[in-house]
Amino acid sequence: MVKKDKNQHAENVDECKDKSEENMDNVKSDDVQDDVAMSDKVQELGEKLAELNDKYLRVYSEYENYRKRTAVEKADLILNGGKDVIKAILPVVDDSERSLSVITDEATREGQQLIFNKLMATLHQKGVKAMDALNVKFDENLHEAITQIPSQNDEQKGMNVDVVEKGYFLHDKVLRYAKVVVAV
């Protein structure tokens, strides 16, 4: 009976070995399939990561451009915020200059000159500068030609010979074009 048990045991051991080898083959086959599936999953996740990284870089770039653009717009608004008010004051400046040229009473003239100087100093602090347009070459970016007159000599051709209305800059940008008479 012991021999029979040993034979039975040997058969059971052989049977277990066969089953374990079969299971090992199945496990190896499953591992290969799992490795292929994992490789595909890793590649898919890598592509998704690249896509998300690209989207992130685009959004970040758009935000940086927006931030820079708004900073420039804000600076421009601060510099030129009072442009309309200053432009509306320029006719008053013109009238003050004309009144100074015709006042004959010295005391009145002196008082008017003090007020005018104070007004011009305030405008200068805000970035307003008068344009020099008399006896300079006509520049369509700065001057507006009201009329043309014949020149008296060749040196005068293309030059501004009279300023009808002064031009002004606001922070080096033209606030009002100078109205001039040009010699041709």
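The structure is a predicted model.

The protein chain contains 3 helices and 6 strands. Along the sequence these elements follow the pattern α-α-α-β-β-β-β-β-β. Of the 184 residues in the protein chain, 15% are buried. Among contacts between residues at least 6 apart in sequence, 62% join residues at least 24 apart.

Helix α1 covers residues 2-80 and holds both Tyr56 and Tyr60. A pair of aromatic rings is described by the distance of the centres and the angle of the planes. A search of the whole structure returned 1 aromatic pair. It is formed by Tyr56 and Tyr60, whose ring centres are 6.2 Å apart. The planes of these two rings meet at 25°, and the pair is therefore stacked, since planes under 30 degrees apart are counted in that class. Because Tyr56 and Tyr60 are 4 residues apart in helix α1, about one helical turn separates them. Tyr60 has a relative accessibility of 43% and counts as partly exposed, as this value falls between the limits of 20% for buried and 50% for exposed.

Two packed helices are described by the angle between their axes and the distance between the axes. The axes of α2 and α3 come within 10 Å and cross at roughly 155°. This angle makes α2 roughly antiparallel to α3, because angles over 145 degrees are assigned to that class. The crossing of α2 past α3 is left-handed. On the α2 side, the contact is made by Ile86, Ile89, Val93, Ser96, Glu97, Ser99 and Leu100. On the α3 side, Arg109, Gln112, Gln113, Phe116, Leu119, Met120 and Leu123 take part.

Ser96 is one of the α2 residues in this contact, and helix α2 spans residues 83-102. Leaving aside residues up to four places away in sequence, Ser96 touches Gln112 and Phe116. With a relative accessible area of 13%, Ser96 is buried, because this value is under 20%.

The largest nonpolar core has 10 residues, namely Ile86, Leu90, Val93, Leu100, Phe116, Leu123, Val128, Tyr168, Leu170 and Leu175. The elements giving two or more residues to this core are α2, α3 (106-125) and β4 (168-170). The most is given by α2, with 4 residues. A second, separate core of 6 residues includes Met131, Ala133, Phe169 and Ala178. Leu175, a member of the largest core, touches Lys83, Ile86, Lys87, Leu90, Tyr168, Phe169 and Leu170 when residues up to four places away in sequence are not counted. Among these contacts of Leu175 is Phe169, which is listed in the second core.

In the strand region, Val163 is found in β3 (residues 160-165). With residues up to four places away in sequence not counted, Val163 touches Ala133, Leu134, Lys179 and Val180. One of these partners, Ala133, is included in the second core. The C-alpha atoms of Val163 and Ala178 are separated by 7.1 Å, and the two residues are 15 apart along the chain. Val163 has a relative accessibility of 25% and counts as partly exposed.

Asn135 has a positive phi of about 60°, although it is not a glycine. Asn135 counts as exposed, at 53% relative accessibility, because this value is over 50%. His171, also a residue other than glycine, has a positive phi near 50°. The place of His171 is in the loop between β4 and β5 (173-176). The relative accessible area of His171 is 31%, and this residue is partly exposed.

Notes:
Residues are numbered from 1 along each chain as its sequence is written. This is a predicted model: local features need pLDDT of at least 70, side-chain atom pairs count only at pLDDT 80 or more; totals for chains, interfaces and linings use all residues. Side-chain values use heavy atoms; hydrogens and water are left out. Buried means under 20% relative accessible area, exposed over 50%, partly exposed in between (1.4 Å probe, protein chains only). Contact means heavy atoms within 4.5 Å. Rings of Phe, Tyr and Trp (its six-membered ring) pair if their centres lie within 6.5 Å; planes under 30 degrees apart count as stacked, over 60 as edge-to-face and the rest as tilted. A nonpolar core is a set of buried Ala, Val, Leu, Ile, Met, Phe, Trp, Tyr and Cys residues joined through side-chain atoms within 4.5 Å. Axes are lines fitted to C-alpha atoms, for helices over the stretch in contact, and angles run from 0 to 180 degrees between N-to-C directions. Angles under 35 degrees count as roughly parallel, over 145 as roughly antiparallel, 65 to 115 as roughly perpendicular and the rest as oblique. A crossing is left-handed if the near helix is turned anticlockwise from the far one by less than a right angle, and right-handed if clockwise.
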